[in-house]
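Please open the model in a viewer and keep the sequence panel at hand.

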Amino acid sequence: MTGSTAAASDASGLPLMDIVREEPARLLAFGQGAICADGGFGWLDDRGGVDPAQPRFLYIAGRIAHTGALGVLQGVDGGERLARHGLRSLRTVFATSSVPGWPDSLSGAEAPGSDARSAYASSFVVLAGASGTIAGIEGAEELLAHSLEVVDSLFWDDEDGAFREDDRPDPSDGPGYRGMNSNMHMVEALLAAHSAGAGEEQLDRATRIARRAVQAAQQNAWRLPEHFDASWNPLLDHNRDHRQDPFRPYGSTIGHWLEWSRLLLHLEAATLASAPQQDTAWMRDASLTLFERAVAEGWEAEGNEGFVYTVDWDGAPVVRRRLHWVLAEAIAAAAVLHTATGDPAYARWRDRWLAFAATHHLDLEHGSWHHELDPENRPSPLIKTGKADLYHSTQAMLWAGITDLPLRGGLAASLAARRDTAPT
């Protein structure tokens with residue numbers, strides 16, 4: 001696609017850039033329906049009602065609180081209500097146990113919760129605390145300090161320079177599991193925490209994890225392994241019989257190549273601001289390569305527009321369904337790469353994917369985005385039912401719609417920097 005988003009429109013006939021700029025407010029309005037009076041957020045269905053068959057997940061609470069804080073920083077209606085409710089829930093109903101940390105989920109109307117404590121879900125508590133701190137939300141600074149203490153004590157392995165998956169000891173009869181997904185989101189959270197003033201240790205840890213991820217990708221032709229044993233040996237056949245798993249699928253996940261592409265540029269920006277003498281060339285090089293490979297192997301993999309979910313170790317598509325979060329990460333990565341490099345090719349990719357999102361994913365009738373399409377780009381929930389996620393799509397729309405955002409350690413810091421430098 002050539003040209004700009006301002007000149008394009010979607011199937012509704014509305015100018016595409018108008019849709020992009022209005023979408024964060026629409027998403028935050030849709031998310032109001034997830035608020036549970038007794039704490040946390042429900043799992044939203046296709047029409048925006050709470051699905052009683054789902055528990056109240058910790059990662060959803062952290063993500064929505066973070067998204068609300070982004071809304072506060074951008075002046076979007078509804079952001080403060082979501083952020084305050086989310087942060088209050090993380091400090092209260094998710095933290096009532098005498099056991100350190102937060103349970104992965106609380107019971108819903110018809111679904112039991114889970115007392116398990118995982119690095120993946122906990123990363124979003126750190127992220128919410130950091131973004132809330134940057135946005136000036138009451139109680140966020142205390143939550144951030146506490147959450148960093150918890151993830152340090154429960155999950156951080158200083159010898160490996162990475163996070164364990166959960167708070168249980170590794171089994172004596174076999175290797176424990178290590179996940180790159182949880183560590184990737186910890187990088188996002190640590191960079192946000194560093195931006196919120198949490199100290200240089202957070203940046204150092206994010207850098208150590210990122211080096212591990214980049215090295216693992218390089219050793220596998222840039223097809224990033226997601227699953228590892230306790231010694232960080234790749235488990236390339238993990239979940240071969242469960243290929244459509246929403247969190248731990250077999251193969252390599254295209255959306256994570258794109259997410260890492262963006263995060264490495266946030267890491268570069270934070271590092272150069274903190275320690276300009278540090279070598280960051282590897283971050284930029286890996287970011288560009290991961291983006292290029294994601295486009296080459298994930299986009300239009302079989303001649304039809306859309307990103308496949310996963311590929312095998314030869315780059316062939318495994319799960320061909322199109323998940324909304326993968327496209328959102330592509331849009332955000334292209335926007336950030338354009339900011340970082342000034343190369344108009346990234347703006348063209350951003351615009352092409354925005355047009356695809358407006359045509360196929362945005363639900364202008366019922367709200368939010370269709371979370372999953374089939375290989376022919378028709379709404380078809382199988383891996384991701386309902387519309388529980390505001391986080392990926394809101395971030396993508398903010399990055400795409402605010403073309404003068406400065407590049408910082410994370411989106412909240414970028415929004416704050418833009419606000420603080422705006423003429424009065």
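Select K387 and display its side chain: a polar atom of that side chain lies 2.7 Å from the backbone oxygen of G367. The backbone oxygen of D46 lies 3.0 Å from a polar atom of the K387 side chain. The model is predicted, with local features requiring pLDDT of at least 70 and side-chain atom pairs counted only at pLDDT 80 or more, while totals for chains, interfaces and linings use all residues. Residues are numbered from 1 along each chain as its sequence is written, and side-chain values use heavy atoms, leaving out hydrogens and water.

Next, show the surroundings of K387. Contact (heavy atoms within 4.5 Å) is made with F30, L44, D45, D46, D363, H366, G367, S368, W369, H370 and H371, neighbours within four places in sequence being left aside. K387 has 1% relative accessibility and therefore counts as buried (under 20% relative accessible area, with a 1.4 Å probe and protein chains only).

Helices are DSSP runs of H or I with at least four residues, and strands are runs of E with at least two, numbered from the N terminus.

Finally, select α2 (residues 58-74) together with α12 (residues 391-401): their axes, lines fitted to C-alpha atoms over the stretch in contact, are 9 Å apart at an angle of about 25°. The angle runs from 0 to 180 degrees between N-to-C directions. The two helices, α2 and α12, are therefore roughly parallel (angles under 35 degrees). To display their contact, pick R63, H66, T67, L70 and Q74 of α2 and Y391, H392, T394, Q395 and L398 of α12.

Note on methods:
Angles under 35 degrees count as roughly parallel, over 145 as roughly antiparallel, 65 to 115 as roughly perpendicular and the rest as oblique. Buried means under 20% relative accessible area, exposed over 50%, partly exposed in between (1.4 Å probe, protein chains only). A polar contact is a pair of N or O atoms within 3.5 Å; within protein, one must be able to donate a hydrogen and the other to accept it, and residues adjacent in sequence count only if both atoms are side-chain atoms.
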